[in-house]
Amino acid sequence: MQASTGQPMQLAQAYQHCLDIARNHYENFPTASRLLKADLRPAVAAIYAFARHADDLADEGDALPETRIKQLDAWEILLERCETGEVVDHPVFMALSDAITKHHLPIEELHNLLIAFRMDVTLHAYATFDELRFYCKHSANPVGRLMLALHGIHDSEAQRCSDNICTALQLINFWQDLSIDLPRGRCYLPQTWLQENGIESQQMLDGTVSVESLRPVLMQALLKTGELLENGVPLLNRLPFRLRLQIASTIHGGRRMLSKVENLDNPLQQRASLSAQDWRGMMLPVLKDTLFPSFAQKRETA
(Lines give C-alpha, C1' and ligand atoms only; values in the text may rest on other atoms or scores of the structure.)
Protein backbone atom coordinates (compact mmCIF):
# COMPACT_ATOMS: atom_id res chain seq x y z
CA MET A 1 0.00 0.00 0.00
CA GLN A 2 1.48 3.36 -1.02
CA ALA A 3 -0.30 6.10 0.92
CA SER A 4 2.04 8.75 -0.53
CA THR A 5 0.36 8.53 -3.93
CA GLY A 6 -3.16 8.45 -2.53
CA GLN A 7 -4.58 6.01 -5.10
CA PRO A 8 -3.68 2.64 -3.46
CA MET A 9 -5.05 3.80 -0.14
CA GLN A 10 -8.29 4.95 -1.83
CA LEU A 11 -8.68 1.57 -3.45
CA ALA A 12 -8.11 -0.18 -0.13
CA GLN A 13 -10.72 2.05 1.47
CA ALA A 14 -13.14 1.35 -1.37
CA TYR A 15 -12.78 -2.40 -0.88
CA GLN A 16 -13.19 -1.97 2.89
CA HIS A 17 -16.42 -0.02 2.24
CA CYS A 18 -17.74 -2.97 0.19
CA LEU A 19 -16.64 -5.51 2.81
CA ASP A 20 -18.48 -3.49 5.49
CA ILE A 21 -21.64 -3.49 3.36
CA ALA A 22 -21.41 -7.25 2.85
CA ARG A 23 -20.83 -7.96 6.54
CA ASN A 24 -23.58 -5.61 7.70
CA HIS A 25 -26.26 -6.64 5.19
CA TYR A 26 -25.58 -10.26 4.28
CA GLU A 27 -25.90 -12.34 7.43
CA ASN A 28 -24.17 -15.34 5.86
CA PHE A 29 -21.22 -13.41 4.40
CA PRO A 30 -18.80 -14.08 7.32
CA THR A 31 -19.60 -17.81 7.08
CA ALA A 32 -19.54 -17.94 3.29
CA SER A 33 -16.34 -15.93 3.09
CA ARG A 34 -14.46 -18.54 5.10
CA LEU A 35 -14.98 -20.92 2.17
CA LEU A 36 -13.55 -18.35 -0.24
CA LYS A 37 -9.86 -17.90 -0.86
CA ALA A 38 -8.76 -14.77 1.00
CA ASP A 39 -7.67 -13.01 -2.19
CA LEU A 40 -11.20 -13.38 -3.68
CA ARG A 41 -13.17 -12.01 -0.72
CA PRO A 42 -12.75 -8.28 -1.59
CA ALA A 43 -13.94 -8.91 -5.18
CA VAL A 44 -16.97 -10.86 -3.94
CA ALA A 45 -17.74 -8.00 -1.55
CA ALA A 46 -17.53 -5.48 -4.43
CA ILE A 47 -19.99 -7.54 -6.50
CA TYR A 48 -22.29 -7.88 -3.48
CA ALA A 49 -22.19 -4.14 -2.73
CA PHE A 50 -23.05 -3.35 -6.37
CA ALA A 51 -26.02 -5.75 -6.31
CA ARG A 52 -27.12 -4.77 -2.78
CA HIS A 53 -27.50 -1.10 -3.71
CA ALA A 54 -29.35 -1.94 -6.93
CA ASP A 55 -31.68 -4.26 -5.00
CA ASP A 56 -32.40 -1.47 -2.50
CA LEU A 57 -33.17 0.93 -5.36
CA ALA A 58 -35.66 -1.59 -6.75
CA ASP A 59 -37.26 -2.72 -3.52
CA GLU A 60 -36.67 -0.51 -0.48
CA GLY A 61 -38.47 2.68 0.58
CA ASP A 62 -41.60 4.16 -0.95
CA ALA A 63 -40.32 5.67 -4.22
CA LEU A 64 -42.59 5.52 -7.25
CA PRO A 65 -41.76 2.86 -9.88
CA GLU A 66 -40.67 5.47 -12.42
CA THR A 67 -38.27 6.97 -9.87
CA ARG A 68 -36.81 3.54 -9.11
CA ILE A 69 -36.23 2.87 -12.82
CA LYS A 70 -34.45 6.22 -13.23
CA GLN A 71 -32.23 5.44 -10.22
CA LEU A 72 -31.36 2.03 -11.67
CA ASP A 73 -30.59 3.70 -15.00
CA ALA A 74 -28.22 6.09 -13.23
CA TRP A 75 -26.56 3.13 -11.43
CA GLU A 76 -26.03 1.42 -14.79
CA ILE A 77 -24.45 4.56 -16.26
CA LEU A 78 -21.78 4.31 -13.54
CA LEU A 79 -21.25 0.65 -14.51
CA GLU A 80 -20.86 1.66 -18.16
CA ARG A 81 -18.21 4.19 -17.14
CA CYS A 82 -16.35 1.33 -15.44
CA GLU A 83 -16.64 -0.62 -18.65
CA THR A 84 -14.93 2.13 -20.64
CA GLY A 85 -12.13 2.50 -18.11
CA GLU A 86 -13.34 5.82 -16.76
CA VAL A 87 -12.53 6.45 -13.09
CA VAL A 88 -15.77 6.66 -11.09
CA ASP A 89 -15.57 8.56 -7.82
CA HIS A 90 -17.70 6.08 -5.88
CA PRO A 91 -16.26 3.42 -3.53
CA VAL A 92 -18.42 0.58 -4.91
CA PHE A 93 -17.42 1.28 -8.50
CA MET A 94 -13.81 1.97 -7.62
CA ALA A 95 -13.58 -1.51 -6.06
CA LEU A 96 -15.77 -3.14 -8.70
CA SER A 97 -13.73 -1.68 -11.57
CA ASP A 98 -10.55 -3.05 -10.03
CA ALA A 99 -12.17 -6.47 -9.48
CA ILE A 100 -13.43 -6.58 -13.09
CA THR A 101 -9.95 -5.84 -14.43
CA LYS A 102 -8.04 -8.06 -12.00
CA HIS A 103 -10.28 -11.13 -12.36
CA HIS A 104 -11.52 -10.67 -15.95
CA LEU A 105 -15.13 -10.63 -14.77
CA PRO A 106 -17.85 -10.81 -17.46
CA ILE A 107 -19.36 -7.34 -17.12
CA GLU A 108 -22.48 -8.38 -19.08
CA GLU A 109 -23.52 -10.43 -16.04
CA LEU A 110 -23.62 -7.23 -13.97
CA HIS A 111 -25.84 -5.65 -16.62
CA ASN A 112 -28.04 -8.78 -16.46
CA LEU A 113 -28.53 -8.26 -12.72
CA LEU A 114 -29.85 -4.77 -13.43
CA ILE A 115 -32.35 -6.19 -15.95
CA ALA A 116 -33.74 -8.38 -13.14
CA PHE A 117 -33.92 -5.49 -10.69
CA ARG A 118 -35.94 -3.50 -13.25
CA MET A 119 -38.26 -6.50 -13.57
CA ASP A 120 -38.68 -6.42 -9.78
CA VAL A 121 -40.05 -2.89 -10.17
CA THR A 122 -42.40 -3.51 -13.08
CA LEU A 123 -43.42 -7.20 -13.03
CA HIS A 124 -45.07 -8.85 -10.03
CA ALA A 125 -46.63 -11.95 -11.66
CA TYR A 126 -45.44 -14.30 -14.41
CA ALA A 127 -47.51 -15.75 -17.24
CA THR A 128 -45.42 -18.86 -17.94
CA PHE A 129 -42.56 -20.90 -16.50
CA ASP A 130 -40.36 -19.73 -19.37
CA GLU A 131 -41.05 -16.13 -18.36
CA LEU A 132 -40.10 -16.94 -14.77
CA ARG A 133 -36.91 -18.67 -15.95
CA PHE A 134 -36.07 -15.54 -17.97
CA TYR A 135 -36.20 -13.60 -14.70
CA CYS A 136 -33.98 -16.20 -12.98
CA LYS A 137 -31.55 -16.07 -15.91
CA HIS A 138 -30.93 -12.41 -15.04
CA SER A 139 -31.42 -12.42 -11.26
CA ALA A 140 -29.63 -15.61 -10.15
CA ASN A 141 -27.53 -17.09 -12.94
CA PRO A 142 -25.16 -14.08 -13.19
CA VAL A 143 -24.08 -14.67 -9.58
CA GLY A 144 -22.95 -18.20 -10.38
CA ARG A 145 -21.19 -17.14 -13.57
CA LEU A 146 -19.35 -14.35 -11.75
CA MET A 147 -18.22 -16.82 -9.04
CA LEU A 148 -16.96 -19.21 -11.73
CA ALA A 149 -15.08 -16.39 -13.43
CA LEU A 150 -13.49 -15.40 -10.11
CA HIS A 151 -12.13 -18.95 -9.90
CA GLY A 152 -10.90 -18.87 -13.51
CA ILE A 153 -13.61 -21.26 -14.76
CA HIS A 154 -15.06 -20.23 -18.11
CA ASP A 155 -16.16 -23.46 -19.87
CA SER A 156 -19.72 -23.68 -21.15
CA GLU A 157 -20.60 -26.96 -19.40
CA ALA A 158 -19.67 -25.53 -16.00
CA GLN A 159 -21.76 -22.44 -16.80
CA ARG A 160 -24.72 -24.61 -17.85
CA CYS A 161 -24.59 -26.59 -14.60
CA SER A 162 -24.16 -23.40 -12.57
CA ASP A 163 -27.20 -21.83 -14.31
CA ASN A 164 -29.31 -24.84 -13.33
CA ILE A 165 -28.26 -24.62 -9.69
CA CYS A 166 -28.71 -20.84 -9.48
CA THR A 167 -32.13 -20.92 -11.14
CA ALA A 168 -33.18 -23.71 -8.76
CA LEU A 169 -32.02 -21.71 -5.75
CA GLN A 170 -33.97 -18.66 -6.91
CA LEU A 171 -37.10 -20.77 -7.37
CA ILE A 172 -36.63 -22.46 -3.99
CA ASN A 173 -36.54 -19.00 -2.45
CA PHE A 174 -39.85 -18.16 -4.16
CA TRP A 175 -41.60 -21.35 -2.98
CA GLN A 176 -40.13 -20.91 0.51
CA ASP A 177 -41.46 -17.33 0.71
CA LEU A 178 -45.04 -17.71 -0.54
CA SER A 179 -46.31 -16.51 2.84
CA ILE A 180 -44.18 -13.35 2.54
CA ASP A 181 -44.39 -12.51 -1.17
CA LEU A 182 -48.14 -12.94 -1.73
CA PRO A 183 -49.12 -10.35 0.94
CA ARG A 184 -46.61 -7.99 -0.73
CA GLY A 185 -48.44 -8.37 -4.04
CA ARG A 186 -46.00 -10.76 -5.72
CA CYS A 187 -47.01 -14.12 -7.20
CA TYR A 188 -44.19 -16.15 -8.71
CA LEU A 189 -46.22 -19.29 -9.49
CA PRO A 190 -46.74 -19.11 -13.28
CA GLN A 191 -50.24 -18.19 -14.38
CA THR A 192 -50.40 -21.17 -16.77
CA TRP A 193 -49.76 -23.63 -13.92
CA LEU A 194 -52.38 -21.94 -11.76
CA GLN A 195 -54.99 -21.89 -14.54
CA GLU A 196 -54.48 -25.62 -15.22
CA ASN A 197 -55.76 -26.08 -11.67
CA GLY A 198 -58.59 -23.52 -11.90
CA ILE A 199 -56.75 -20.72 -10.09
CA GLU A 200 -56.00 -17.12 -11.15
CA SER A 201 -52.99 -15.12 -9.96
CA GLN A 202 -55.31 -12.47 -8.55
CA GLN A 203 -56.96 -15.11 -6.35
CA MET A 204 -53.53 -15.93 -4.95
CA LEU A 205 -52.90 -12.24 -4.24
CA ASP A 206 -56.39 -11.85 -2.71
CA GLY A 207 -55.74 -14.79 -0.38
CA THR A 208 -58.82 -16.68 -1.52
CA VAL A 209 -57.08 -19.92 -2.57
CA SER A 210 -57.18 -22.92 -0.25
CA VAL A 211 -54.09 -24.98 0.56
CA GLU A 212 -55.78 -28.03 -0.98
CA SER A 213 -56.30 -26.18 -4.29
CA LEU A 214 -52.75 -24.86 -4.29
CA ARG A 215 -51.07 -28.18 -3.45
CA PRO A 216 -50.93 -29.63 -7.03
CA VAL A 217 -49.42 -26.38 -8.36
CA LEU A 218 -46.82 -26.29 -5.63
CA MET A 219 -45.92 -29.93 -6.22
CA GLN A 220 -45.36 -29.14 -9.92
CA ALA A 221 -43.15 -26.20 -8.93
CA LEU A 222 -41.10 -28.33 -6.52
CA LEU A 223 -40.68 -31.09 -9.11
CA LYS A 224 -39.43 -28.69 -11.82
CA THR A 225 -37.11 -27.01 -9.33
CA GLY A 226 -35.71 -30.34 -8.14
CA GLU A 227 -34.94 -31.36 -11.74
CA LEU A 228 -32.99 -28.14 -12.29
CA LEU A 229 -31.05 -28.59 -9.06
CA GLU A 230 -30.09 -32.18 -9.94
CA ASN A 231 -28.98 -31.11 -13.43
CA GLY A 232 -26.36 -28.97 -11.72
CA VAL A 233 -24.72 -31.83 -9.79
CA PRO A 234 -22.01 -32.50 -12.46
CA LEU A 235 -20.63 -29.04 -11.67
CA LEU A 236 -19.00 -30.47 -8.52
CA ASN A 237 -16.43 -32.34 -10.60
CA ARG A 238 -15.28 -29.10 -12.22
CA LEU A 239 -14.61 -27.02 -9.11
CA PRO A 240 -11.63 -26.43 -6.81
CA PHE A 241 -11.98 -27.87 -3.31
CA ARG A 242 -13.26 -24.85 -1.36
CA LEU A 243 -15.83 -23.86 -3.97
CA ARG A 244 -16.82 -27.53 -4.36
CA LEU A 245 -17.50 -27.74 -0.61
CA GLN A 246 -19.66 -24.62 -0.81
CA ILE A 247 -21.64 -25.86 -3.81
CA ALA A 248 -22.06 -29.36 -2.36
CA SER A 249 -23.51 -27.73 0.76
CA THR A 250 -25.76 -25.59 -1.43
CA ILE A 251 -27.08 -28.59 -3.39
CA HIS A 252 -27.82 -30.65 -0.27
CA GLY A 253 -29.35 -27.61 1.44
CA GLY A 254 -31.55 -27.02 -1.60
CA ARG A 255 -32.73 -30.64 -1.61
CA ARG A 256 -33.56 -30.43 2.08
CA MET A 257 -35.41 -27.14 1.63
CA LEU A 258 -37.53 -28.58 -1.19
CA SER A 259 -38.54 -31.43 1.12
CA LYS A 260 -39.38 -29.04 3.95
CA VAL A 261 -41.55 -26.82 1.71
CA GLU A 262 -43.35 -29.93 0.42
CA ASN A 263 -44.13 -31.02 3.98
CA LEU A 264 -45.42 -27.67 5.27
CA ASP A 265 -49.00 -27.95 6.54
CA ASN A 266 -49.83 -24.53 5.12
CA PRO A 267 -47.20 -23.00 2.78
CA LEU A 268 -49.48 -19.96 2.39
CA GLN A 269 -48.94 -19.08 6.05
CA GLN A 270 -45.72 -20.88 7.00
CA ARG A 271 -42.11 -20.40 5.90
CA ALA A 272 -39.68 -23.32 5.80
CA SER A 273 -36.13 -22.88 7.04
CA LEU A 274 -33.12 -25.10 7.68
CA SER A 275 -32.19 -25.80 11.29
CA ALA A 276 -28.80 -26.59 12.81
CA GLN A 277 -29.99 -30.19 13.02
CA ASP A 278 -30.72 -30.18 9.27
CA TRP A 279 -27.18 -29.00 8.55
CA ARG A 280 -25.66 -31.56 10.93
CA GLY A 281 -27.59 -34.27 9.09
CA MET A 282 -26.12 -33.12 5.78
CA MET A 283 -22.49 -32.99 6.89
CA LEU A 284 -21.51 -36.51 5.85
CA PRO A 285 -23.16 -36.47 2.38
CA VAL A 286 -21.72 -32.99 1.73
CA LEU A 287 -18.26 -34.19 2.71
CA LYS A 288 -18.62 -37.31 0.59
CA ASP A 289 -19.63 -35.32 -2.52
CA THR A 290 -16.82 -32.84 -1.88
CA LEU A 291 -14.12 -35.47 -1.52
CA PHE A 292 -15.43 -37.74 -4.28
CA PRO A 293 -17.21 -35.46 -6.79
CA SER A 294 -16.99 -38.06 -9.58
CA PHE A 295 -19.36 -40.24 -7.56
CA ALA A 296 -21.85 -37.48 -6.66
CA GLN A 297 -25.22 -38.76 -7.78
CA LYS A 298 -28.26 -37.03 -9.14
CA ARG A 299 -31.38 -37.88 -7.16
CA GLU A 300 -34.55 -39.06 -8.83
CA THR A 301 -37.12 -36.28 -8.69
CA ALA A 302 -40.18 -37.96 -10.22
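Start with the whole chain: the centres of domain 1 and domain 2, taken over C-alpha atoms, are 24 Å apart. You're looking at a predicted model, where local features need pLDDT of at least 70 and side-chain atom pairs count only at pLDDT 80 or more, while totals for chains, interfaces and linings use all residues. Residues are numbered from 1 along each chain as its sequence is written, and side-chain values use heavy atoms, with hydrogens and water left out.

Colour 11–122 as domain 1 and 124–301 as domain 2; these bounds come from an automatic or database domain assignment. Between them, 26 residues from domain 1 and 20 residues from domain 2 make the contact (contact means heavy atoms within 4.5 Å).

Next, select helix α6 (residues 107–122) and helix α8 (residues 141–150). Helices here are DSSP runs of H or I, at least four residues, numbered from the N terminus. How do the axes of α6 and α8 cross? At roughly 160 degrees, coming within 9 Å, and α6 and α8 are therefore roughly antiparallel to each other (angles over 145 degrees count as such). Axes are lines fitted to C-alpha atoms, for helices over the stretch in contact, with angles running from 0 to 180 degrees between N-to-C directions. The crossing is left-handed, as the near helix is turned anticlockwise from the far one by less than a right angle. Show side chains: E109, L110, N112 and L113 of α6 meet P142, V143, R145 and L146 of α8. That contact divides into 5 nonpolar, 1 polar and 2 charged residues (nonpolar: Ala, Val, Leu, Ile, Met, Phe, Trp, Tyr, Cys and Pro; charged: Asp, Glu, Lys and Arg; polar: the others, Gly among them).

Now pick helix α7 (residues 129–139) and helix α9 (residues 156–176), which pack at about 110 degrees with their axes 9 Å apart. That makes α7 roughly perpendicular to α9 (65 to 115 degrees), and their crossing is right-handed (clockwise instead).

Is L222 buried or exposed? Buried, with a relative accessible area of 7% (the cut-off is under 20%, with a 1.4 Å probe and protein chains only). Leaving out residues up to four places away in sequence, L222 touches W175, L258, V261 and E262.

Last stop: draw a C-alpha to C-alpha distance from L222 to A14. They are 208 residues apart in sequence and 41 Å apart in space.

Technical notes:
Helix = DSSP H or I, 4+ residues; strand = E, 2+ residues; numbered from the N terminus. Parallel < 35°, antiparallel > 145°, perpendicular 65-115°, else oblique. Buried < 20%, exposed > 50% of the residue type's maximum accessible area, 1.4 Å probe, protein only.
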